[in-house]
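Open your viewer and get ready to click along. We'll go stop by stop, selecting a few things each time.

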Amino acid sequence: DNVFENGTTIVNSLKEFYVNEGLKQIYKVIGSLEIIGNPSQLLSSLGTGVRDFFYEPALGIVKSPTALGVGVVKGTLSLVSHTTSGVFSFASKVSSQVGTGVATLSMDDDFKQRHARMQRAGDDRKFTRK
C-alpha cells in the first residue's frame, strides 16, 4: 500500500499475496489431474448440459409454443449427450490410469512395453499375454 515501506514489509506482503493466489488456484490444478480422470472436464461437460437444458426452452418460450417444444427437445438432448460424453470420458481416463498402474505393478517388462506402445497408438485392443 505504501511505496516507502521497508524491505521486510514488502517481502512479507508479496509472500502473502502469492500464497493466497496460489491457494485460490490450486483447485484448478487438482481438478485437471489426469490421474483422477480430470474431474474439471467432467464438471464442465455436465454444466454445459444443465445450462442448455434450461437455456434452450427459455429461448423458445419467448418466441412461440412450437419453439418452446423445440427448445425442450434441444435442451434435453444436450443434457443427455453432455452427461453421457462427460461420464464416459471420465471413466475412460480413470480406467486408462488404472491400466497404467497395473502395468507398472506387474513388473513384466514385456507387458509394460506392449502397454505403452498400445497407449501411444490409441489402440483399444485388450492386453492379453501371448
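How many helices and how many strands make up the secondary structure of the chain? Colour by secondary structure and you get four helices and zero strands, running α-α-α-α from the N terminus on. Helices here are DSSP runs of H or I with at least four residues, strands are E runs of at least two, and both are numbered from the N terminus.

A quick word on ground rules. This is a predicted model, where local features need pLDDT of at least 70 and side-chain atom pairs count only at pLDDT 80 or more, while totals for chains, interfaces and linings use all residues. Residues are numbered from 1 along each chain as its sequence is written, and side-chain values use heavy atoms, with hydrogens and water left out.

**Stop one: two helices side by side**

Select residues 39-61 (helix H2) and 65-106 (helix H3). Their axes come within 7 Å and cross at roughly 175 degrees, which means H2 is roughly antiparallel to H3 (that label needs an angle over 145 degrees). The axes are lines fitted to C-alpha atoms over the stretch in contact, and angles run from 0 to 180 degrees between N-to-C directions.

**Stop two: salt bridges**

A salt bridge means a side-chain nitrogen of Lys or Arg within 4 Å of a carboxyl oxygen of Asp or Glu, and the count here comes to three.

Is Glu56 buried or exposed? At 19% relative accessibility, Glu56 counts as buried, whereas Lys74, at 47%, is partly exposed. The cut-offs are under 20% relative accessible area for buried, over 50% for exposed, and partly exposed in between (1.4 Å probe, protein chains only).

Next, select Arg114 and Asp110, which form a salt bridge at 3.5 Å, N to O. They are four residues apart in helix H4 (residues 109-121), so about one helical turn separates them. Arg114 is buried at 10%, while Asp110 is partly exposed at 44%.

Last, show Asp52 and Arg51, a salt bridge at 3.1 Å, N to O. Asp52 counts as buried, at 12% relative accessibility.

Notes: Parallel < 35°, antiparallel > 145°, perpendicular 65-115°, else oblique.
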